[in-house]
Amino acid sequence: MPLSIAVLWQRFGPYHLARLRGACGYFSDVYGIEVAGRDHYAWDPIQGQFPFHRTTLFPDREYASLRRSELTRAIWNQLERIQPDAVAINGWSVPEAMIALRWCKQRDRLAILMSETFKPSGNRIKEWVKKRRVRRFDAAIVGGRWHRSYLNQLGFPDHRIAIGYDVVDNDYFARGSERARSEADQVRRELALPERYFFANTRFLLRKNIDGLLSAFASFSNKIADWALVISGSGPMEKTWKQQAADRG
């Protein structure tokens, strides 16, 4: 018989909602539990009808402002109300993850770890704590083989790990690309796009290395002049990188 599942996350962005829509084909009921209505991501609020049950525990609060006692009460009450057969939990370090894991253990429900960590912290005490926490999960879903390997290092059995955590909404991009091809001239004018270009889409964080991309493209464009570079995103490095692009012409 298909199981019901709750998926717990700090805040849902577009790709989280795509995952939840996809999960509806595999579970009898899918419950999306979003902790807060605002956090450090610059996503616009996403409203609308969804094929899953969506709940925001603190719709008018910033995630960083929440106290652990508030999280415990809200998450515990929500899980008690919906009684899922399994809970997919975001990692092992944030407070809401530990609260949900404790609920699963006390109610004898499946706890599924969602993880994209792929390397040790370098701190022996932290790694010891991780091992103790990770072994309490029943299964895990990870982004790729490096993430799987790291869970193996923490003592998590390989046969209980699945790869497939990183996904995109293929239907959404198929519709968008079809429109772009059928209305190519109009779309190009609307977005002021050049004829031929490389495209990068990312958050504007230092670790994303857009300054390296700008440097590489500047060297490339000195040799081949009929290509452009288009970058989309937002974040704290935006002003700096725009200036670097201007300085390189």
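Me: What makes the seven strands in this predicted model an open sheet, and in which order do they lie?

Reply: The strands follow the order β3-β2-β1-β4-β5-β6-β7 with parallel pairing, and the sheet has edge strands, β3 (53–62) and β7 (161–163), each of which pairs on one side only. Neighbouring strands of this sheet are turned by 20° against each other on average, with direction ignored.

Me: Why is His16 called buried?

Reply: Buried means under 20% relative accessible area, and His16, with a value of 4%, therefore falls in that class. His16 is placed in helix α1 and, leaving aside residues up to four places away in sequence, touches Trp9, Arg11 and Trp43.

Me: Why does Gly25, by contrast, count as exposed?

Reply: The class of exposed residues begins over 50%, and Gly25 is exposed because its relative accessibility is 64%.

Me: How do you know that the buried residues of α4 are on the same side of the helix?

Reply: In helix α4 (residues 124–134), the residues Glu127, Lys130 and Val134 are buried. They cover an arc of only 55° around the axis, which means that they share one side of α4. In general, an α-helix has 3.6 residues a turn, so residues three or four places apart point the same way. The buried residues of α4 pack against β5 and α5, while the face turned away from the buried side carries the exposed residues Arg124, Ile125 and Trp128.

Me: Why is α6 said to lie largely in the open?

Reply: Helix α6 lies largely in the open because the number of buried residues among its 13 is zero. Helix α6 (residues 170–182) reaches 18 Å from its first C-alpha to its last, which is close to the 18 Å expected at 1.5 Å a residue.

Me: Which residues touch the most other members of the largest nonpolar core?

Reply: The largest nonpolar core has 37 residues, and those touching the most other members are Val35, Leu79, Val87, Ile89, Trp92, Phe137 and Leu151. Helix α3 (residues 95–107) supplies the largest share of this core, seven residues. A second, separate core of 14 residues includes Val7, Leu20, Val30 and Met114. Val87, to return to the largest core, touches Ala6, Leu79, Ala100, Trp103, Cys104, Leu110, Ala111 and Ile112, not counting residues up to four places away in sequence.

Me: What share of the chain counts as buried?

Reply: Of the 249 residues, 34% count as buried, in a chain that has nine helices and nine strands.

Methods:
Residues numbered from 1 in each chain as written. Predicted model: local features only at pLDDT ≥ 70, side-chain atom pairs only at ≥ 80, totals over all residues. Heavy atoms only, no water. Pairing = 2+ DSSP bridges. Helix = DSSP H or I, 4+ residues; strand = E, 2+ residues; numbered from the N terminus. Axes fitted to C-alpha atoms, helices over the stretch in contact; angles between N-to-C directions. Core = buried A, V, L, I, M, F, W, Y, C linked by side-chain atoms within 4.5 Å. Buried < 20%, exposed > 50% of the residue type's maximum accessible area, 1.4 Å probe, protein only. Contact = heavy atoms within 4.5 Å. Expected span 1.5 Å × (residues − 1). Arc of directions from axis to C-beta.
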